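Please read the following explanation alongside the sequence and the 3D view.

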Amino acid sequence: MSKFVRNEDAFTGLEAAIVLIAFVVVAAVFSYVVLGAGFFTTQKSQEVIHTGVSQTSSSIEIVGDVIGKAGTSMANLESVLVTVGLSAGQGSVDFDNVVVTYSDANVVKTLTHDDDNDYSGSGDHSDADPDNWIIYDRQNSEDDIGNLLEPFEQFTLSIGIPADATVGPNHPFTIEIKPSVGAPYGIVRTTPPQFTAFNTLR
């Protein structure tokens, strides 16, 4: 007569619950790691894009017309007046670190910032000497001493034509204003066929 052996081993509900909880915990930790890596990658991508945009866009822009001032003989251009302000969304620009260059078909020159003659809020406005540039005027500026261009402020720059450049009628030239951060801002203009004391350059 055969004898049946009873095996009472079984997969109880408590064991099933323990295994299920273990799977849930492992899945939760894994998903947390994956999501954390995804968020980190997204943040780094945003930083790279933001840095790239700030480096390729200029921090300043022209406000109003570009004015050329002729000499007493009305034969050549002696200086240029340019009013600049901050571009939308850009931070302050320190004009102590700005580089201004002049170029045409014959001359390329980096101009010197003559900060001793920057307009300080008192006295007469003076034009820049040849080969130099100065802050000719300040608008909406509460502090007339510092050279930091802040939001809603405007600086008018007087840019002296280089001494070895002869800028007569119908003469194309380029003035480039380069802040320490951001792309240079190029101003391409041509002098009019005939000079007056003040000329709007197009």
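Arg202 is exposed, with a relative accessible area of 65%. In this predicted model, Arg202 forms a salt bridge with Asp65, and the closest N and O atoms of the two are 3.8 Å apart. Asp65 sits in the loop between strand E1 (60-62) and strand E2 (66-70), while Arg202 belongs to the segment after strand E12 (198-201), so the pair ties together parts that are 137 residues apart in sequence. Asp65 is partly exposed, at a relative accessible area of 42%.

How many salt bridges does the structure hold? There are three. In general terms, side chains of opposite charge can pair when their charged atoms come close.

Another of these bridges joins Asp127 to Lys69, with 2.9 Å between the closest N and O atoms. Asp127 is in the loop between strand E6 (108-113) and strand E7 (132-139), and Lys69 is in strand E2; the pair links distant parts of the chain, 58 residues apart. Lys69 is buried at a relative accessible area of 11%, whereas Asp127 counts as partly exposed at 34% relative accessibility.

The loop between E6 and E7 also holds Asp131, whose partner Lys109 lies in strand E6, 22 residues apart. Asp131 and Lys109 form a salt bridge in which the closest N and O atoms are 3.1 Å apart. Lys109, at 30% relative accessibility, counts as partly exposed.

The text now turns to the surroundings of the bridge between Asp127 and Lys69. Both Asp127 and Lys69 are touched by Ser79, a residue of strand E3 (residues 77-86). Ser79 is buried at 3% relative accessibility. Other contacts of Ser79 include Ile67, Gly68, Ser158 and Ile159.

Ser158 is found in strand E9. Is Ser158 buried or exposed? With 0% relative accessibility, Ser158 counts as buried. The side chain of Ser158 reaches the backbone nitrogen of Ala128 at 2.9 Å. Among the residues that Ser158 touches are Ser79, Val80, Asp127, Ala128 and Trp133.

The largest nonpolar core has 31 residues, of which Val80, Phe95, Tyr102, Trp133 and Ile175 touch the most other members. Elements that give two or more residues to this core are E1, E2, E3, strand E5 (99-103), E7, strand E9 (154-160) and strand E10 (172-178). Which element gives the largest share? That share comes from E3, with five residues. Contacts of Val80 include Val66, Ile67 and Gly68, and also Leu157, Ser158 and Ile159, as well as Phe173, Ile175 and Leu201. In soluble globular proteins, nonpolar side chains tend to be buried together.

The surface also has a nonpolar area. Ile21, Val25, Val29, Tyr32 and Val33 make a nonpolar surface patch of about 530 Å². Val33, one of these residues, is placed in helix H1 (residues 13-56). At 51% relative accessibility, Val33 counts as exposed, because the limit for exposed is over 50%.

Notes: Residues are numbered from 1 along each chain as its sequence is written. This is a predicted model: local features need pLDDT of at least 70, side-chain atom pairs count only at pLDDT 80 or more; totals for chains, interfaces and linings use all residues. Side-chain values use heavy atoms; hydrogens and water are left out. A salt bridge is a side-chain nitrogen of Lys or Arg within 4 Å of a carboxyl oxygen of Asp or Glu. Helices (H or I, at least four residues) and strands (E, at least two) are DSSP runs, numbered from the N terminus. Buried means under 20% relative accessible area, exposed over 50%, partly exposed in between (1.4 Å probe, protein chains only). Contact means heavy atoms within 4.5 Å. Patches are made of residues with over 30% relative accessible area and no salt bridge: like charges are joined within 9 Å, nonpolar side chains (Val, Leu, Ile, Met, Phe, Trp, Tyr) within 5 Å. Accessible areas come from the Shrake-Rupley method with a 1.4 Å probe; for residues, only the protein chains shown count as cover. A nonpolar core is a set of buried Ala, Val, Leu, Ile, Met, Phe, Trp, Tyr and Cys residues joined through side-chain atoms within 4.5 Å. A polar contact is a pair of N or O atoms within 3.5 Å; within protein, one must be able to donate a hydrogen and the other to accept it, and residues adjacent in sequence count only if both atoms are side-chain atoms. Lists of a residue's contacts leave out its neighbours within four places in sequence.
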